[in-house]
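Subject: Structure handover

Hi,

Here is the structure for you to look through. My notes follow below it.

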Protein chains: 2
Amino acid sequence: MKLAKRTEKTSHSGLDEIFAASKPGMISFAGGYPDSKLFPRVEIEQAFSHTFQSAPATLLQYNSSKGYLPLREKLATRMRNDGINTTTESVMLTQGAQQGIDLAARLLLNRGDGMVVEAPTYLGALAAFDVYEPNYYEVHMEADGMNIDELQKVLMKHEVKMIYTVPDFQNPTGTVMSLEKRKALVQLANIYDVVILEDGPYRNLRYTGEPLPPIKHFDTEGRVIFLGSFSKILAPSLRLGWLTASPELFDGLVALKGGSDVETSNLMMSSVDGYLAENDLDAHIKEVKATYQHRKDLMVSALKKHLPSEVHFNNPEGGFFLWLTMPQGFDSTRFLQESLIPNSNVSFVPSANLVPSKQLKNAARLNFTNVNDQDIETGVEMLGQQLKLALQSKPIRKTATR
Amino acid sequence: MKLAKRTEKTSHSGLDEIFAASKPGMISFAGGYPDSKLFPRVEIEQAFSHTFQSAPATLLQYNSSKGYLPLREKLATRMRNDGINTTTESVMLTQGAQQGIDLAARLLLNRGDGMVVEAPTYLGALAAFDVYEPNYYEVHMEADGMNIDELQKVLMKHEVKMIYTVPDFQNPTGTVMSLEKRKALVQLANIYDVVILEDGPYRNLRYTGEPLPPIKHFDTEGRVIFLGSFSKILAPSLRLGWLTASPELFDGLVALKGGSDVETSNLMMSSVDGYLAENDLDAHIKEVKATYQHRKDLMVSALKKHLPSEVHFNNPEGGFFLWLTMPQGFDSTRFLQESLIPNSNVSFVPSANLVPSKQLKNAARLNFTNVNDQDIETGVEMLGQQLKLALQSKPIRKTATR
């Protein structure tokens, strides 16, 4: 039985093999999970209970590919309050933002089409894009978002259909794209007729500093698809995300959703709509942010204390991750497999997995949202020890620079 | 903004335009819905409530692309009791069986690959397959399932990757594939190295006669992917289906599910698992079947009474649909749009939409599960009147034979 060509890539993120040696009790900075202790479980339970008691008989029936209308209204309002010019008619519910990524790629990408991703970028987005076999162009991340000069050069030279970006507290670097770059990105997209896929799952999780408008705010030609998600601000197992797009793109996305899984659960959408009606989501987000900010600050302090001076890291203003950069020539995958996991039972996500070319080897993503205070202290201390040892050891550096 | 080529097909099922003229109060035989009055809403509500009360803190967290383990165990047991040789390790939960169709196509189909569908077939499956741009071969349906001689000729002449079939109470014809054809189908698949996608959403809804083993029962080489669904036997808005496949295919399906929507809702899977633990699903199915059988019998009686003798219909032993066949040259799409909807406010699904080539024009699908007794009587009587008028009228027949 011959599989489709697309499966050659998508079956192997490579992470399973790397973590095969994990032992119980690992201190994992590798995850991307919110902390389950922060989920408003009682309120969500109540919302389900109220929904079962008050919703019409059609609660458990098929509904619509676009989703439950009152929830679409609430999301349209939330997005408008956030600077996005949208209407209920342009909002669709998805199975998490992940499905939005898949549907956007499905709408736009023929095999071999050009597509720009940030380097590094979100691993799961690559898993979705790989299915449509695009031709990737990597644009490097800087402290204020992707390198716009590099992007312009790519767009001048190559035909590109879509640019994928996580402008707020990027996965994996934690970076925020600057206001100037947001505007420049839209201008370039207009000039070169490109669609921007703006993925915003961390957007509401700003711990310090002032929020910037979404890229979609600057969209004058209906070429930005914005993706939102309840996974990081409410709970992942609701599997609820949403998207908004101009009519030119929206109708196709809805049709593709129908063929993909018919629709999202009406029971789930109705109950989350009930949660939003009965509770103050923003007050809940505020509580969540306090905990995550504390952990982020703790991790930054520990990194300052324990990391060798050749290793750099950032102090993100929000989100789930921060980014370690080791000296050129360092191989973070080898370090993880040969030193960090076996010697310390500590883990992170190595950078090579986060670019299509696998050619970014000296960095790593650290998650701070789902690790307790003690593990942050202990894990970072052990990470520092292992890094110091590895940076003195020739093999890890030598092999990496071959 | 240029969309992907695949969207040229998938955006247009053609049904929206046909039903644009619908008026309120339509008697619809066009749907494919179960009756929402039969959903065990109280029991499902209890299952959610018990799950919220007893499940661990990880209930609302990310879980796994394969799905909630206890539910996978129960489904493996159900399938084994139904003659499928499978294990828990080979079962994955999906967003309805629709996602199973999408994932199987995603796993196997390169653009231009050969794929066999029954003619007619399930409209939503075509919407899923279209995305991967296969080269369709249509094999005609007979009273005992697809024409195996025709299938063999196709397989001899063309390279085919996958055969899609709904062997039990087929959507749209209501047909059951015979035992002989099930065995022959697997033999041909073995000879020509083809994967069979067996879609079984109606399998548990047999009203009369003896069940036949699933096609997967005869699978000796791990080339049958079996799809199941809770949508028709429990409730659609749970959005829960499942699949089982041999390890050779299963691992790829799981990886593709990850890129598609990460995973299915752990809350949903845990609650449905709770429902199955606390209730007798088969007893519930028995109740549902009694109602649907009654409606099917009523529709068959009404068709016998009201339809002109040139129109043929079957009396299926289960499922959701029966199949009308008008004389050659009759155009059921035109009849629906120009006579049945405007004159009677009654609807069905015309056959042209149910084959990739659109070249099956003289038939129609009737649903009986979500229509009440009175509407069945009235709707079929009006359908008979309109058919009699149309069969006397030249334009509808003439244009159709051009």
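Helices (H or I, at least four residues) and strands (E, at least two) are DSSP runs, numbered from the N terminus. This is a predicted model, in which local features need pLDDT of at least 70, side-chain atom pairs count only at pLDDT 80 or more, and totals for chains, interfaces and linings use all residues. Residues are numbered from 1 along each chain as its sequence is written, chains are lettered from A and ligands numbered from 1 in the order in which they are written, and side-chain values use heavy atoms, with hydrogens and water left out.

**The pair of chains**

Chain A superposes on chain B by a rotation of 180 degrees, with 0.0 Å of shift along the axis and an RMSD of 0.0 Å. That is how a two-fold axis relates its copies. Contact means heavy atoms within 4.5 Å. Which residue of chain A comes closest to the rotation axis? Ser49(A) does, with its C-alpha at 3.6 Å.

**Chain A as a whole**

Chain A has 14 helices and 14 strands. Its C-alpha trace spans about 65 × 50 × 50 Å along the principal axes. The radius of gyration is 21 Å, which agrees with the value near 21 Å for a compact globule of 402 residues. That radius is taken over C-alpha atoms, and the globule rule is 2.2 Å times the number of residues to the power 0.38.

Buried residues make up 62% of the 402 in chain A. Buried means under 20% relative accessible area, exposed over 50%, and partly exposed in between (1.4 Å probe, protein chains only). Take the contacts in chain A between residues at least 6 apart in sequence: 75% of them join residues at least 24 apart.

The accessible surface of chain A is about 14,700 Å², and 50% of that belongs to carbon and sulfur atoms. Areas come from the Shrake-Rupley method with a 1.4 Å probe; for residues, only the protein chains shown count as cover. Chain A has 42 positive and 46 negative charges, with mean positions 5 Å apart. Lys and Arg count as positive and Asp and Glu as negative; His and the chain ends are not counted. Each charge is placed at NZ of Lys, CZ of Arg, CG of Asp or CD of Glu.

**Buried sites**

Start with Ser36(B). It sits in the loop between β1 (27–28) and α3 (41–54) of chain B. Its relative accessibility is 17%, so Ser36(B) counts as buried. Beyond its neighbours within four places in sequence, Ser36(B) is in contact with Ala57(A), Gln61(A) and Asn370(B).

Arg295(A) is in helix α11 (residues 281–306) of chain A. Is Arg295(A) buried or exposed? It is buried, at 9% relative accessibility. Phe368(A) is 73 residues away along the chain, yet the two C-alpha atoms are separated by 6.0 Å. Setting aside neighbours within four places, the contacts of Arg295(A) include Asp35(A), Phe368(A) and Asp373(A).

Thr165(A) is in strand β6 of chain A. It is buried, at 0% relative accessibility. Met146(A) is 19 residues from Thr165(A) in sequence and 8.5 Å away, C-alpha to C-alpha.

Helix α6 (residues 123–130) of chain A is mostly covered, with 6 of its 8 residues buried. Leu126(A) and Phe129(A) are among them.

**Backbone points to check**

Two cis peptide bonds come up in chain A. One runs from Ala119(A) to Pro120(A), with omega near 5 degrees. Pro120(A) is in the loop between β3 (114–119) and α6. The other joins Asn171(A) and Pro172(A), with omega about 20 degrees. Pro172(A) is in the loop between β6 (160–165) and α8 (179–192).

In chain B, two residues other than glycine have positive phi. Glu133(B) has phi near 50 degrees. It lies in the loop between α6 (123–130) and β4 (135–142), and is buried at 19%. Phe169(B) has phi near 55 degrees. It lies in the loop between β6 (160–165) and α8 (179–192) of chain B, and is buried at 1%.

Best wishes

Definitions and conventions: Least-squares fit on C-alpha atoms with pLDDT ≥ 70 in both.
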